[in-house]
Protein chains: 2
Amino acid sequence: MTAEPPVPPSSDTAGEPAQRRRRDAAETRQLLLDAARQRFARDGYAATTVRDIADDAGVNVALISRYFTSKEGLFEACLRAAGDELRRTTGQTPADRVPETIARHIADPAAAGLSSQLSLLLRSSGDAGADEIRRGVLVRSSEQLAAARGWRPGEPGSDQILLRAQMALAAGIGLAVLRSSIRLEPLSSATEQDLVGPLRDLVDALLPPPES
Amino acid sequence: MTAEPPVPPSSDTAGEPAQRRRRDAAETRQLLLDAARQRFARDGYAATTVRDIADDAGVNVALISRYFTSKEGLFEACLRAAGDELRRTTGQTPADRVPETIARHIADPAAAGLSSQLSLLLRSSGDAGADEIRRGVLVRSSEQLAAARGWRPGEPGSDQILLRAQMALAAGIGLAVLRSSIRLEPLSSATEQDLVGPLRDLVDALLPPPES
DNA sequence: CCCATAAGTCAACATATGTTTACTTGCGGG
DNA sequence: CCCGCAAGTAAACATATGTTGACTTATGGG
């Protein structure tokens, strides 16, 4: 029924390869990962069905079990990928550019951006393994942020900074969810320009730059 | 099996009535509401089963359908209750006491506190009706907070304040979830004392008091 | 050119879950 | 005291969902 033939899409618009090789395990895996992250981030773990994900990715449901063992395994893979992505994007940000970086990535209209990675981090599957992974990602991220603002693991008054970094992280995650999942207006349609000012105030108030 | 007889609990410890009348529709309804709010806030809508809720409340599953029509209806009732509770607790807070109030209620060890009401507000059932209710609660709350800091509906530069109030709300919600659902340490075991300082910094930076 | 094998599909199954229907129980007014 | 009716219970049902195993098809080395 309306067989949708292979239709080589005559790549004219897309800058990316776009031409999907017809059978490519690695690419299929990645398609599933991307579709899953979006769904999990937006709707949560339990509300997302494996059939939804497979349909979004344009592949068969059974491949989820094949490539990721289970829905749970796919979720864990998404968390790990979010951890990598987070480390990559915020990794070499100069300490004083943190608010701009967060603002730019959170306001990113492309749904593939950091926004969905952040949202993903507060979704839980109830599974202990996944919870452990997420906790690790969050701890590492907050430590990274705290370190950029003067936190040193052992130092006495230093744990205050870590706590404040986690609060900043919480603010970023809450912001991402209220914007992209809940779609609260006017927050949801605020631009990067609108967000960067308040975000700078927020981060600087929570985490004053090391010396001034 | 192990019939758990009516066991009149010889009210010695509890300050509240505690002595449950054996058949009381209003009380049963409230028990269901409380149990549902806790579950929905902690685990999300889809991950919560009506049997979980009924068991927590100590009543039969069928009563959910009877009193709230459906799981969806119960969820909406929880959202409405959260809206009322939020208006009540933050309603008559003097504008300059906002951070303390938030800190006190978020740090509240009693799980019945504002913390779970806030967490509830980012859980979604996917139903349009529930989404509308939640959006209303969030909008009213942010407007209330914004008004305490100088926002006036029509005024030109005033929408900046509303945006910032929504960011503060997002921060509070993210904080509540990371603390109570995700249990991120050290954030999770931070006391009210630990939180009030950073929270004051956060709110004051985002929403400077009207005139200074 | 062929076919072994990896990549992908299909259909069935077991189970968990929201909801309903018929039944039982205890409370309170007459 | 007693019975009608509200409050509560138990079991069954339909469906949605994660997973599996047998089957089909394209691909690329020999």
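Visitor: Which residues come nearest to DNA strand C?
Guide: In this predicted model, 19 residues lie around DNA strand C, and Ala25(A), Asn60(A), Ala62(A), Thr49(B) and Ser70(B) come nearest. A residue is near a strand if its C-beta atom, placed from the backbone, lies within 6 Å of it.

Visitor: Which elements give two or more residues to that surface?
Guide: Chain A gives α1 (25-43) and α3 (62-68), while chain B gives α2 (50-57), α3 (62-68) and α4 (71-91). Helices are DSSP runs of H or I with at least four residues, strands are runs of E with at least two, and both are numbered from the N terminus.

Visitor: And around DNA strand D, which residues come nearest?
Guide: Arg22(A), Ser70(A), Ala25(B), Asn60(B) and Ala62(B), out of 19 residues around DNA strand D.

Visitor: What classes of residue are near DNA strand D?
Guide: Seven nonpolar, five polar and seven charged. Ala, Val, Leu, Ile, Met, Phe, Trp, Tyr, Cys and Pro count as nonpolar, Asp, Glu, Lys and Arg as charged, and the others, Gly among them, as polar.

Visitor: Quick check on conventions: how are things numbered, and what confidence applies?
Guide: Residues are numbered from 1 along each chain as its sequence is written, and chains are lettered from A and ligands numbered from 1 in the order in which they are written. As for confidence, local features need pLDDT of at least 70, side-chain atom pairs count only at pLDDT 80 or more, and totals for chains, interfaces and linings use all residues.

Visitor: Now the protein: how many residues of chain A are in contact with chain B?
Guide: 34 residues of chain A are in contact with 34 of chain B, contact being C-beta atoms, placed from the backbone, within 7 Å. On the chain A side, α8(A) gives the largest share, 13 residues. That side has 22 nonpolar, six polar and six charged residues.

Visitor: Why do the copies meet through the same surface?
Guide: Because 100% of the interface residues of chain A are also interface residues in chain B.

Visitor: Back to α8(A): which residues meet α9(A)?
Guide: Arg164(A), Met167(A), Ala168(A) and Ala171(A) of α8(A) meet Leu202(A), Val203(A) and Leu206(A) of α9(A). By class, this contact has six nonpolar residues, no polar and one charged.

Notes
Two residues are in contact if their C-beta atoms, placed from the backbone, lie within 7 Å.
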